[in-house]
Amino acid sequence: MKTNDADRRTALIELGAEALADVILELALLTDEADQTVERIVSDDSANIARLEERIANCVYDEDADIVGPIVFIQRLEFLLHDLSLSVHDSFEGFRLTTLFIENDHYVFNNVNDDGTFSRIFQNDAVELLVHYGSGCTDKEWLCHQLFRLYDEDAIGSRWNIFAGAAEYIPEEKLRMLIERMQSAVKSNPGDEAKWSYALESLAIQIKDFDLLEQIRLAGSSTLSTADICEIARLRLDAGDASGALVLLKKVDATRNRQTEYNKLLLAVYKA
């Protein structure tokens, strides 16, 4: 019968520090994850940062050369983010290391047939870590620059979610400056308008700038679809502009397809 965790803990404490250290070192030989966990525990912050920077730099997957296969590599990526979150306490360094991790995405996506797992790691898990570290970083302009750089340098379209949660750790004033920088990038290179429109939409929704969202949607089409109108009206309502939301909703002609969302939203507007 397996010993319960409470009894195990008591027994391990009774072993003494020296015996317990020998057991931990023995376990560290079994897997790379166990070895890195021991390394994390015995290292100071600067050593852990250097260790993680090296591991991130070596975290490149070549399906033809890597005999471990994608499943094991996925586990390595997941553990690397987990290790980073526990090892690095400085917000600036944590954000910097997370951006380095994200920069490896093209090495992965260019060499694997992704079923969505790799996308989740880079586009969700890593972005959540950006929010975590970004919240504690005081240099908000540097954060904006890093996000802009990551998105601008994305050659394969894998970083579409990089701005998710940005309003949680960057003040609106700085985000509006970032929006202006994006708009300038579009003016300088009109061919990139489609690329930047998603990022601009993400920030517009986060700061509840319904005029900007409408402007972006109209840039891609001469008229707004019912779905567009509902989304912009919802943003107006969330921003406290119920009357403006109603005016917009009334633009949906009765002959057009009034979706379920339209009816729900119209009811919410009347209740506001």
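**Notebook: pocket, core and overall form**

I looked up the largest pocket, and its volume is about 250 Å³. A pocket here is an open set of points on a 1 Å grid over the protein atoms alone, where a 1.4 Å probe fits, with protein on both sides within 12 Å along at least five of seven lines. The volume is the space filled by probe spheres set on the points, which are joined across faces, edges and corners.

This is a predicted model: local features need pLDDT of at least 70 and side-chain atom pairs pLDDT 80 or more, while totals for chains, interfaces and linings use all residues. Residues are numbered from 1 along each chain, and side-chain values use heavy atoms, without hydrogens and water.

Next I listed the pocket lining (residues with an atom within 4 Å of a point). It has 13 residues, and V186, E193, L200, I216 and A219 lie nearest the centre. Two or more lining residues come from each of α10 (172–188), α11 (193–206) and α12 (210–220). Helix α12 gives the largest share, six residues.

I then checked the secondary structure and found 15 helices and zero strands. Helices are DSSP runs of H or I of at least four residues, strands runs of E of at least two, numbered from the N terminus. The radius of gyration is 24 Å, well over the 19 Å that the globule rule gives for 272 residues, so the protein is more spread out than a compact globule. The radius is taken over C-alpha atoms, and the rule is 2.2 Å times the number of residues to the power 0.38. The C-alpha atoms fill a box of roughly 75 × 45 × 40 Å along the principal axes.
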